[in-house]
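Welcome, and thanks for taking a look at this one. Below is a short briefing to read beside the sequence and the 3D view.

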Amino acid sequence: MKVRTAVTSLGRGVEAVEADAAGTLVISALRRARLAGAAERASLASTDSGDEGAGHRPPRKRSRRLSPPARPARPADMHQPCTNGAPHVNGDAPRNGDLPPPGLRMTQTDQEIVRLIGQHLISIGLERSATLLMEESGLHLEHPAAATFRQHVLAGDWVKADHDLRALHDLLRDSPHVEPHNLAEMKFVVLEQKYLEHLEAGRVLDALHVLRNELTPLQYDTPRVHRLSALMMCADAGELQARAHWPGGGALSRAAVLARVQAVLPPALMMAPGRLRALLAQAAAQQAARCRFHAAPRPAPAPDHIPFTLLADHHCSPDHFPIHSLQVLNEHCDEVWYCKWSPDGMRLASGSKDNTVMIWDFDPVAKRLSFRKSLEGHTYGVSFLSWSPDGRYLIAAGPEDCPDLWIWNMETEQLHLKMTHSQEDSLTAVAWHAMSDKFVCGGARGQFYHCSLDGTLINSWDGVRVNALCCRADGRSVLAADTHHRVRAYDFTDLTDRNLIQEEHAVMAMTLNAADSLLLLNVANQGVHLWDIRARALVRRFRGLSQGHFTIHACFGGAHQDFIASGSEDNKVYIWHISGEEPIAVISGHTRCVNCVSWNPVHHDVLVSASDDYSLRLWGPRTHQS
């Protein structure tokens with residue numbers, strides 16, 4: 001038993017010795033392999049760094065890496081951003097993280113969309129989401145130099161901001177997109193804020209140092225520097241802010257500094273704040289402008305308010321467009337030749353062959369017209385009406401054989417003046433000056449008068465046979481359509497005239513838009529023509545209506561005058577969008593020729609038409625149909 005135990009112990013001892021020996025051999029082998037590897041790496045390093053003329057060892061075969069193989073360069077890769085989507089500036093090498101991760105390939109547009117989304121996420125407080133987006137995309141919101149500049153400006157650390165600005169200058173110095181004076185402007189804007197903040201805090205010596213040693217040596221906007229130096233005499237911060245038109249040091253004025261710098265910097269380096277919202281607001285305004293039935297005010301490019309959804313293209317329903325019959329007015333007892341809304345959109349005047357002018361009140365809530373008063377005493381039919389721009393006066397003119405004008409005071413609803421210059425006159429056209437103190441009138445027999453409100457003749461133009469008149473916004477010139485198929489501009493201050501438009505047929509009626517740039521002509525046997533009077537070019541011929549030699553009056557319509565409406569000899573009302581020649585709506589209801597259409601200048605969802613069938617018709621949205 002003892003012998004067996006001894007043998008067993010001996011066996012175990014031998015096994016332990018053998019194991020120890022094996023472990024020693026393994027450790028020695030690992031040490032030798034490690035030393036050999038170090039020697040190999042040192043040899044390779046010395047070979048790679050050796051001079052060109054030194055002796056070369058045979059090249060060693062390097063071990064293959066386990067990283068994915070590099071993809072071949074594409075043309076698009078040449079334009080990948082180094083930071084923030086910006087191309088490499090001034091020879092800077094790209095840094096890690098500036099390119100999208102392996103396998104993620106984005107066009108320049110995709111990169112800019114990602115940056116826009118990232119900026120928007122930060123602006124609404126989703127900073128973690130923005131960080132994850134930038135990490136996954138491998139992009140930067142801004143160039144690092146621009147990011148640190150923004151941080152230091154908002155913190156009011158002007159020493160560091162000036163250092164950052166110099167770094168930006170170095171990046172942009174050779175850029176073809178930035179003018180040299182823009183670089184000086186960036187510097188000036190930052191130093192101006194620094195100077196004003198020193199003054200506001202009472203650090204007069206520091207402010208003086210900035211003025212003398214930093215602002216003045218720039219030699220930029222010297223008059224502005226002189227105005228800044230005068231601010232040294234301000235007694236307190238309130239006076240400083242008032243005289244400098246400056247809100248004071250803080251987030252508001254510093255953000256204004258950044259905005260002014262961003263206006264100069266390429267957007268690849270620093271995006272303007274709220275850029276995504278601004279783009280969406282512009283897109284919304286453009287869609288509203290091109291909408292087939294958008295007569296309401298268009299949204300201004302206001303990033304904080306877009307009045308319709310962004311999830312689908314904007315299309316207004318025709319149910320809200322003034323093409324639905326709301327009311328038929330039959331108070332006139334003969335053909336209705338003309339109708340016109342007052343400038344405030346609350347009253348309508350209509351003129352008829354029955355020698356009366358009727359005034360109607362408009363209820364914008366109920367979309368209804370109610371009879372107010374009949375202006376009587378005219379000895380001829382009323383073929384034309386013109387409200388003064390202030391709405392206080394209304395001039396009524398008659399047909400070709402009428403030598404009189406009736407000027408009504410619409411505040412008292414009494415006749416202000418009946419004007420007759422000569423019994424041989426034919427006064428069929430009238431237009432007011434913008435100040436409502438003078439007007440011009442004329443007719444086809446060769447009369448063209450410039451008159452004051454009391455009927456005094458100021459000037460006259462002999463031999464001009466006038467069919468239609470419009471006064472321009474400059475207060476000097478008058479457009480006159482004459483019997484030679486022309487539209488000429490007459491200046492009553494120096495008594496000069498010039499030709500603007502030549503048509504092939506007679507111009508029967510004429511309307512000038514509120515912007516004083518577009519002229520709408522009803523042309524005999526042609527229809528409605530739109531002219532750009534600044535370019536003296538025909539913009540569009542509108543199709544569909546029927547017009548011979550009857551006088552038919554068209555008008556602009558909608559909040560931005562994007563629509564054209566006209567009567568027609570086929571008893572219908574035609575409406576076009578200003579961007580197209582084909583009508584977007586043709587309204588039936590009248591039984592004889594439609595002589596005039598007037599679109600409400602304030603309540604843009606209603607218009608009125610006047611017809612030879614003795615009636616006026618009010619058109620509006622379907623929701624107000626009885």
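Leaving aside neighbours within four places in sequence, which residues is H378 in contact with? They are N355, V357, A396, W406 and W408, where contact means heavy atoms within 4.5 Å. Please keep in mind that this is a predicted model, in which local features need pLDDT of at least 70 and side-chain atom pairs count only at pLDDT 80 or more, while totals for chains, interfaces and linings use all residues. Residues are numbered from 1 along each chain as its sequence is written, and side-chain values use heavy atoms, with hydrogens and water left out.

**Confidence**

- The chain has a mean pLDDT of 83 (the predictor's confidence in each residue, from 0 to 100), and 81% of its residues reach 70 or more.
- Residues 1-27 have pLDDT below 50, and this stretch has zero contacts in the model beyond near neighbours in sequence.
- Residues 41-97 also stay under 50 in pLDDT, but for them the model has 60 contacts beyond four places in sequence.

**The chain as a whole**

- Eleven helices and 28 strands make up the secondary structure; these are DSSP runs numbered from the N terminus, with helices being H or I of at least four residues and strands being E of at least two.
- Of the 626 residues in the chain, 45% are buried; buried means under 20% relative accessible area, exposed means over 50%, and partly exposed lies in between, using a 1.4 Å probe and protein chains only.
- Among contacts with a separation of 6 or more, 50% come from residues 24 or more positions apart.

**Around H378**

- H378 sits in the loop between β5 (368-375) and β6 (384-387).
- With a relative accessible area of 6%, H378 is buried.
- The side chain of H378 makes a polar contact with the side chain of W408 at 3.3 Å; such a contact is a pair of N or O atoms within 3.5 Å, where within protein one must be able to donate a hydrogen and the other to accept it, and residues adjacent in sequence count only if both atoms are side-chain atoms.
- A polar atom of the H378 side chain also lies 3.4 Å from the backbone oxygen of L375.
- N355, one of the residues in contact with H378, is placed in the loop between β3 (347-352) and β4 (357-363).
- N355 counts as partly exposed at 26% relative accessibility, and its phi is near 70°, a positive value in a residue other than glycine.

**The β4-β5 hairpin**

- β4 and β5 run antiparallel and are joined by seven bridges; two strands pair if DSSP finds at least two bridges between them.
- Four residues lie between the two strands of this hairpin, and K367 in the turn has a positive phi of about 55°.
- W360 has F371 as its bridge partner in β5.
- S370 lies in β5 and is partly exposed, with 38% relative accessibility.
- Not counting residues up to four places away in sequence, S370 touches I359, W360 and D361.
- The C-alpha atoms of S370 and R347 are 9.5 Å from each other, with the two residues 23 apart along the chain.

**A four-stranded open sheet**

- Four strands form an open sheet in the order β1-β28-β27-β26, with antiparallel pairing.
- β1 (324-329) and β26 (594-599) are at the edges with a single partner strand each, so one side of each has no neighbour in the sheet.
- On average, neighbouring strands of this sheet are turned by 20° against each other, direction ignored; axes are lines fitted to C-alpha atoms, for helices over the stretch in contact, and angles run from 0 to 180 degrees between N-to-C directions.
- β27 (residues 607-611) and β28 (residues 616-620) pair in the antiparallel sense over four bridges, and A610 stands opposite L616 in β28.

**Other local features**

- D236 caps the N-terminal end of helix α9 (residues 237-244), with a side-chain oxygen 3.3 Å from the backbone nitrogen of G238.
- H245 follows α9 and has a positive phi near 50°.
- D516 lies in the loop between β18 (507-512) and β19 (518-523).
- D516 is buried, at 11% relative accessible area, and has a positive phi of about 60° although it is not a glycine.
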